[in-house]
Amino acid sequence: MKKLLSFLIIATIITSSLCVSYLALGDNITQSNTAENTTEPVTEISSTVATTESTIIPTTTEPIVKVKNIKVNKSIISLSKKGKTATVKVTVYPSNSYNKSVTWKSNNTKVATVDKNGKIKATTNKGVTYVTARAKDGSNKFSKVFVVVGQKVQKITLNKSFVTLNRSTKNITYQLKKSIRNNNATYKAVNWYTSNKNIATVDSNGKVTVRKRGTVTITARAKDGSNKAAKCKITVKQLVTKLSYSSKKQAKEVYRNKTIKFNVIVAPSNANNKGIIYSSSNKKVATVTSSGLIKGIKEGTAIIIARAKDSSKKAVKLIVKVKKPPINFYTKISKDEFNEPKNIKTYVDALNKYFESCGAVINPNMVGSSQWCVVTTTTFNNNISIYDRYVSTIGMWTWRRSQDEVDNGFEWKNLKPGKSLENFLQLLDDYSFYNSGKYNPKKILDSNWNGWKQFCQYDNTDDIVNIYVYPVKAQDMNAYTVYMYWGTNAGLKLKGIPLVKE
């Protein structure tokens, strides 16, 4: 007998992220019934199956989170001897990692072993090893613990506790050396630290590299967990790297007896010692003070050297030319310069103008006639001005003229022989010499006080006083004889000397 069977097959497939239901309709199946030897007709049955639409039903499941980091509560374990133990705890990050388990392993079980709970046990009396905690989730994340078995470091010393270093243009280095006092310490390595990387750095061997001026502390700390350390305080001083001057602004020439400033520029601006030592290659030509003030001594060339006071040995040179100054009435000059024709002329012109201001007539026609006062320039000293010599000459001639007049019974400023004249002559001595502490040019040149105003006054044309100062070059000498010619109109007429004013 054949029967038409309808099978409803429902297959459900479940995965980690979705569940799908399948509805399947089976094929018609024909079966033979051999229980009877008759043939029975097969009745076909038309099966109608209600169709159910396939659906996808989402389910919410969290993704697998792997370990990203492992931290141990101790980075160094110190065990004093064999058999001593210590337990290390780990923290796994992130906290929602799906598998937080770790495996423990010792790099050298002859030094120390570790169990599944992180308990470390020393297996020797002296040695070092690493114990590693590694994530089991396949992320390969791990963390290490350094294990030291035996004596800890008791004391560290350095070869220097205080160091002063001078930094120049480039970075400089300094080698620090550590020493462990107890030789039986198991692990003698140290870590090096700097308190300020901007000033100085230090490498793993204690080599310090200085970068800039300042103070820094370098520390050597034991790696064995003893926390023993030694420190060195390093003071870095910035040396001078360059001395220079502005070529455009710096004066390079100076007149004799005048000064210029050597304006030295010190680099860098933060140098610890900006002091400068100055010197001259020829002090007879130019000198220089401790502040760089250059003074011309005589004509010529000198090299002025500026050297840094610190140990940098930096220096700069300035070639200075000392020139003869332009001479005027008040310039301090030498005796030789005074005897130059143009300066002698300035001197005698000033004397003639002075006597003219007193009321005398300046008469050049008297040259060669009888003269009265004589001055020789060989008696003049160095380093005084034409003005000073002019004042001195007025004072000296006043001294002579007043004494002659009074001694011969004539008037001079109402002076009398004896104390009156002596006091006046003493004042002339005091007031007229430039190197006297009582030097008083104003008084000496006062024609009312010295008497020349009265002497040069006249009542009629024949009483007019004629004066002329004239220099004559001395033979075979760089000097002059300066004459003062004097007379009245009446006397000049008798000699046949032409008058200037009648």
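I counted rings of Phe, Tyr and Trp (its six-membered ring) as a pair if their centres lie within 6.5 Å. The model is predicted. By this rule I found 25 aromatic pairs.

**Entry: one ring pair.** I looked up F455 and W486. Their ring centres are 5.5 Å apart and their planes meet at 35°. Planes under 30 degrees apart would count as stacked and over 60 as edge-to-face, so I logged this pair as tilted. F455 belongs to helix 7 (residues 452-456) and W486 to strand 34 (residues 480-488), so the pair ties together parts that are 31 residues apart in sequence. I then checked cover for both. F455 has a relative accessible area of 15% and is buried, whereas W486, with 30%, is partly exposed.

**Entry: charges over rings.** I looked for arginines placed over aromatic rings. The charged end of R389 sits over the ring of F338, at 4.3 Å from the ring centre.

**Entry: N343.** F338 came up again when I listed the contacts of N343. Leaving out residues up to four places away in sequence, N343 touches I327, E337, F338 and I386. N343 is part of helix 2 (residues 341-358). Is N343 buried or exposed? I noted 3% relative accessibility, and the cut-off for buried is under 20%, so N343 counts as buried. Its side chain reaches the backbone oxygen of E337 at 2.6 Å.

**Entry: helix 3.** I checked the length of helix 3 (residues 386-407) against expectation. Its 22 residues, at 1.5 Å a residue, should span 32 Å; I read 31 Å between the end C-alpha atoms, which agrees. Helix 3 is mostly covered, with 16 of its 22 residues buried. Just after helix 3, I noted that G409 takes a positive phi of about 85°.

**Entry: whole protein.** I finished with the totals. I counted eight helices and 34 strands. Of the 502 residues, 36% are buried. I took the contacts with a separation of 6 or more, and residues 24 or more positions apart account for 62% of them.

Key
Residues are numbered from 1 along each chain as its sequence is written. This is a predicted model: local features need pLDDT of at least 70, side-chain atom pairs count only at pLDDT 80 or more; totals for chains, interfaces and linings use all residues. Side-chain values use heavy atoms; hydrogens and water are left out. Helices (H or I, at least four residues) and strands (E, at least two) are DSSP runs, numbered from the N terminus. Buried means under 20% relative accessible area, exposed over 50%, partly exposed in between (1.4 Å probe, protein chains only). A polar contact is a pair of N or O atoms within 3.5 Å; within protein, one must be able to donate a hydrogen and the other to accept it, and residues adjacent in sequence count only if both atoms are side-chain atoms. Contact means heavy atoms within 4.5 Å. The expected span of a helix is 1.5 Å times one less than its number of residues. A charge sits over a ring if NZ of Lys or CZ of Arg is within 6 Å of the ring centre and within 35 degrees of the ring normal.
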